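Please read it with the coordinates open.

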Amino acid sequence: MYETLGYEERGDIAFVTIKRTRINVRQIRELERVCDHLDDVSQAKVVVFRGHSEGIDFLDFDPKEAMDIHGFNKWEKLVNRIETLEKVTVALVDGPSVGGGFQILLACDQRICVPGATFQLPEVRQGFLPGMACYRLAKYVGLGHAKRIVMTGATIGADEALRLGLVDAVTPDLDAALKKTIDCFGPMHTVAFTLARRLLNESFSTGFEDGIGNFLAAQHRAISQTAFLDTLRAEHKKK
Amino acid sequence: MLDLRPRMLSIGTANPPDRWSQADLLNRFQVSDPKIVSLFSSSHILSRHLYLPPGKHDGGPEEETQGDLLRKHRRGTIEVAPQAIDRCLAPMGLAVRDIDYLCCITSTGWLTPGVTAILMKHMGFREDCSRVDIVGMGCNAGLNGLNPVASWAMANPGKNALMVCNEICSAAYVFDGSMRTAIVNSLFGDGVAALLVRADERDERSFAPKILGFDSHIITPAIDAMRFDWDEEQGKYSFFLDRDIPYVVGANAEKPVNRLLNRHGLKRRHIGHWIVHSGGKKVVDAIKYNIGLTDHAVRHTHSVLRDFGNLSSGSFLFSFKRLLEEGKVRRGDYGVLMTMGPGSTIETALIRW
């Protein structure tokens, strides 16, 4: 099975527990395998990423070797896969979220943390870049806060994270908060859900003219699905 | 056993010499109708190569009869197709005399003898070269042609098959001031793409992709959505594009893609390269959201549309060429080719480098 992760399904929910708190090549491969399983096999409607992460494991890099970019590309592909899973994705954070751990949070649909959780992107201080967090973070918190977080490597506490919109809830009882969150999502219409998420993710970088073309294409796909027809039928029945 | 599947070995493209911006065209045809001006002004097409009729004294273009248009198609074929063919064959050290099978595709003019015969006469193909003309199938026809070309190549190992998508769209233009013709006139451009296909053990170490399979889809309820029919008043053939095409195509796009990939045990995430016909902005958007492609995945589809307009059957080969020129493809990568057109039709093919 997995060495760096725990994986189990309970009813409609798949739990991915981060066991290794430093991201290494093995963990990236295992997360890819989890995504394969979620895409190809699992019937789960919700995926929960649970735990905490101290970021990249520098022991994977050999300072005597020439550096190459391909591992970073692999990582970004993984984060994008998590971001586009056809499931509701929720991050439950019970400790520090540093570097890559922080990046995975940004790819999830909802983020919930305990009061003691912290968030940090120390990469720039370490002489490299926090991946596509540079792209995603500003959409959540605005450019000003993003600049501070990325460029100074500041550690953000749970309350500030909540204020910034980086997390959706702070609570000592993650399980209760998870249940509440899942209930909020209501019936899961996968197509409408993933299309809405895609349009939102694209919203900051698409001009209005392209945006409306994208919306019409997406809306046509949505209204051609049975979920929308079911809604229509139910509404007609009421009358 | 040797794997003797046909490969897409070389590609050449060519366009007529005159390149027009959308604004040039509005001036040239003295268009002032704000609806048509706005149609031409949307930014997804910047320029197209076209054969335009010579100007009259008052500055407007001369009226072209159906006969003029047919002659234009023939002239364009003779001027442009040989350049595309030479550009396809020269890098392989081949000449037209080395071609054993010639497939020409066109939907923009009627010729008997067909385009294959005309090119054989003008370019000096061997007299025993086998040939086939695919006429009138529209923008999807490049893959309708590639399917038999690939089969022929597989049945005749070591022999050279050449496919030529020859579209002089300016020979199918009608200018009557209506929105119907304005939509067509704002979209299509002239261009020819030639592709060499061969199944040969000598190519075993070639980087060129192998053609693994095809899947077709026709949406017969939408048979009238795209059509080239006779306009009695104008005395010309006139192309018609229904406004619902993007949605009809989008709603069905998953079907052939899923069948094609399932048959080969693949998922969409395994496909590294999508080569989608540059049908128009809306139809590409529909494909994007219905099969989950990013803007990056259709970057060449967009850039070919921007620089050339819709080149009908050859569009996907122009995108394919840009993909190769980019130099990012790696051995082992899978690609899906996808074309859409009248029928309504969606054609797909799976290739692997």
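Predicted model: local features only at pLDDT ≥ 70, side-chain atom pairs only at ≥ 80, totals over all residues.

1. Local features need pLDDT of at least 70, and side-chain atom pairs count only at pLDDT 80 or more.

2. Make-up of chain A. The secondary structure of chain A comes to 10 helices and eight strands. Two domains are assigned in chain A: domain 1 covers 5-185 and domain 2 covers 190-238. Their C-alpha centres are 27 Å apart.

3. Overall dimensions of chain A. Along the principal axes, the C-alpha atoms of chain A fill a box of roughly 70 × 45 × 35 Å.

4. Burial and contact range in chain A. Of the 239 residues in chain A, 31% are buried. Take the contacts in chain A with a separation of 6 or more: 70% of them join residues 24 or more positions apart.

5. The contact between the chains. Chain A puts in 10 residues and chain B puts in 12 residues. On the side of chain B that touches chain A, the elements giving two or more residues are helix 7 (245-252) and helix 9 (281-291) of chain B. Which of them gives the most? Helix 9 of chain B does, with seven residues. By type, this side of chain B holds five nonpolar, two polar and five charged residues.

6. Helix 9 of chain B. This helix is mostly covered, with 10 of its 11 residues buried. Among the buried residues are Val283(B), Val284(B), Ile287(B) and Ile291(B). Charged side chains are on that list too, including Lys281(B), Asp285(B) and Lys288(B). Gly292(B) follows helix 9 of chain B and has a positive phi, near 70°.

7. The largest nonpolar core. This core has 101 residues. Which members touch the most others? They are Ala84(B), Met163(B), Val164(B), Ala194(B), Leu195(B) and Val197(B). Look at Ala194(B) in particular. Beyond its neighbours within four places in sequence, Ala194(B) contacts Ile11(B), Gly12(B), Ala84(B), Ile85(B), Cys88(B), Leu162(B) and Val164(B).

8. The second core. A separate core of 49 residues includes Phe49(A), Ile82(A), Ala107(A) and Cys113(A). As background, nonpolar side chains tend to be buried together in soluble globular proteins.

Technical notes: Residues numbered from 1 in each chain as written. Chains lettered and ligands numbered in written order. Contact = placed C-beta atoms within 7 Å. Helix = DSSP H or I, 4+ residues; strand = E, 2+ residues; numbered from the N terminus. Buried ≥ 20, exposed ≤ 12 C-beta atoms within 10 Å, placed from the backbone. Domains from an automatic or database assignment. Core = buried A, V, L, I, M, F, W, Y, C linked by C-beta atoms within 7 Å.
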